[in-house]
Amino acid sequence: MNWEQACRLLRFGRSEGIPRSKDGLAAPSPSRDLLGVARAASVCVASGKGGTGKSVMTASLASKFSAVGRSLILDADMGIGNAHILQGVSPERSFVELVAGTAGPREIVSRCSATLDLIAAGSGVSNMAELSTFELHRIAEAVEQLETEYQYMLVDSAAGISNQTVTFAAAADVVLVVTTPAVTAMTDAYAFLKVLYRCRPDSAPLLVVNRAHHEDEAHSVAQRIEKVCGRFLDRHPRWIGWVPTDDAVIESVNARTSVVEHNPNAPAARALDHIASVVLDELGSLRARGLGRSLMSRVVRTSKLA
Ligand SMILES: Nc1ncnc2c1ncn2[C@@H]1O[C@H](COP(=O)(O)OP(=O)(O)O)[C@@H](O)[C@H]1O
Ligand SMILES: [Mg+2]
């Protein structure tokens, strides 16, 4: 494939092909694996580029998901995560202590509400962005222990296409790729999708355009990404919605909460509400594989190859 050609298409792509998103409401049921064990259904919010709105989106999805079933946010932006800020909590422990072996899985869980918990990423710890196989194994083991206690798990992903970041995405039941209309964000979303498809060929990622000014702009962005993926990867991520640029989002971040809770009638909140419904619907139609279990098998496979 020709990277230059792909980037040119993202910059100047024409309108055709991709269908517009439709309304859809979820009626999810508890998901059991082949052994009859109920494991949390998982979604990973990813993007390639930083600042596209992954954490903003995760916070709003978590608010909606936790109204339906017990949910856990995993902040996978290891060492510099800020998912806890949008929940208004200040966790004393995080993945850092788990990896160091000084705390167990349940000790690193912070309570955000009666039905929503969070595992923080820890901050200011640079080596967390490059975990060893042993450390990733420890995380996988912990997530596997916790996933039978929740109905949903949401991974707030780090930016970039590092092995660690893509491994988390590939292990999730659903991957939500967030882009903005900025060409750099589109290019990075494409790069992320390319690596994700390589890591997990049966992946069926969903695409969301954040910070668009109007639907036509969002539609055109989604079309370009879909077209480039179709041409160079022979794959078609599904566009499920867009979120307008909205000051209510900035206000909610400053209030340390999600926009769907802070200002449910704001345009961005309504859009996120719709996206949450579509993702819930998608999760309800799948058999949850278990994020921890999938992570574990990926980590073990990688260590055998190493
Ligand atoms: N739809 C939006 N409208 C206005 N500002 C937004 C929107 N989405 C995100 N932002 C702004 O972008 C910032 C970065 O978003 P964040 O979710 O932290 O990005 P990421 O997790 O992808 O790095 C937010 O703090 C907020 O100020
Ligand atoms: Mg973030």
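Residues are numbered from 1 along each chain as its sequence is written, and chains are lettered from A and ligands numbered from 1 in the order in which they are written. In this predicted model local features need pLDDT of at least 70, side-chain atom pairs count only at pLDDT 80 or more, and totals for chains, interfaces and linings use all residues, while side-chain values use heavy atoms, with hydrogens and water left out.

**Stop 1: ligand 1**

Select ligand 1 and the 16 residues that surround it (a residue is near a molecule if one of its heavy atoms lies within 4 Å of it). The closest are Gly51, Lys54, Ser55, Val56 and Asn210. Show the polar contacts next (pairs of N or O atoms within 3.5 Å). A backbone N or O atom of Gly51 is 2.8 Å from an oxygen atom of the ligand. For Lys54, a side-chain N or O atom lies 2.8 Å from a ligand oxygen atom. At Pro244, a polar backbone atom is 3.0 Å from a nitrogen atom of ligand 1.

**Stop 2: α2 and α10**

Select residues 54-68 for helix α2 and 267-284 for helix α10 (helices are DSSP runs of H or I, at least four residues, numbered from the N terminus). Their axes, which are lines fitted to C-alpha atoms over the stretch in contact, come within 9 Å and cross at roughly 60 degrees. That angle makes α2 oblique to α10 (under 35 degrees counts as roughly parallel, over 145 as roughly antiparallel, 65 to 115 as roughly perpendicular and the rest as oblique). Contact (heavy atoms within 4.5 Å) involves Met57, Ser60, Leu61, Lys64, Phe65 and Val68 of α2, and Leu272, Asp273, Ile275, Ala276, Val279, Leu280 and Leu283 of α10. By class, these residues are 10 nonpolar, 1 polar and 2 charged.

**Stop 3: α5 and α6**

Move to helix α5, residues 163-171, and helix α6, residues 183-199. Here the axes come within 10 Å and cross at roughly 65 degrees. Display Thr165, Val166, Ala169 and Ala170 of α5, which meet Phe192, Val195, Leu196 and Cys199 of α6. The contact has 7 nonpolar residues, 1 polar and no charged.

**Stop 4: α6 and α7**

From α6, Met186, Ala189, Tyr190, Leu193, Lys194 and Tyr197 meet Val221, Arg224, Ile225, Val228, Cys229, Phe232 and Leu233 of α7. This contact divides into 11 nonpolar, no polar and 2 charged residues.

Technical notes: Axes are lines fitted to C-alpha atoms, for helices over the stretch in contact, and angles run from 0 to 180 degrees between N-to-C directions. Helices (H or I, at least four residues) and strands (E, at least two) are DSSP runs, numbered from the N terminus. Ala, Val, Leu, Ile, Met, Phe, Trp, Tyr, Cys and Pro count as nonpolar, Asp, Glu, Lys and Arg as charged, and the others, Gly among them, as polar. A polar contact is a pair of N or O atoms within 3.5 Å; within protein, one must be able to donate a hydrogen and the other to accept it, and residues adjacent in sequence count only if both atoms are side-chain atoms.
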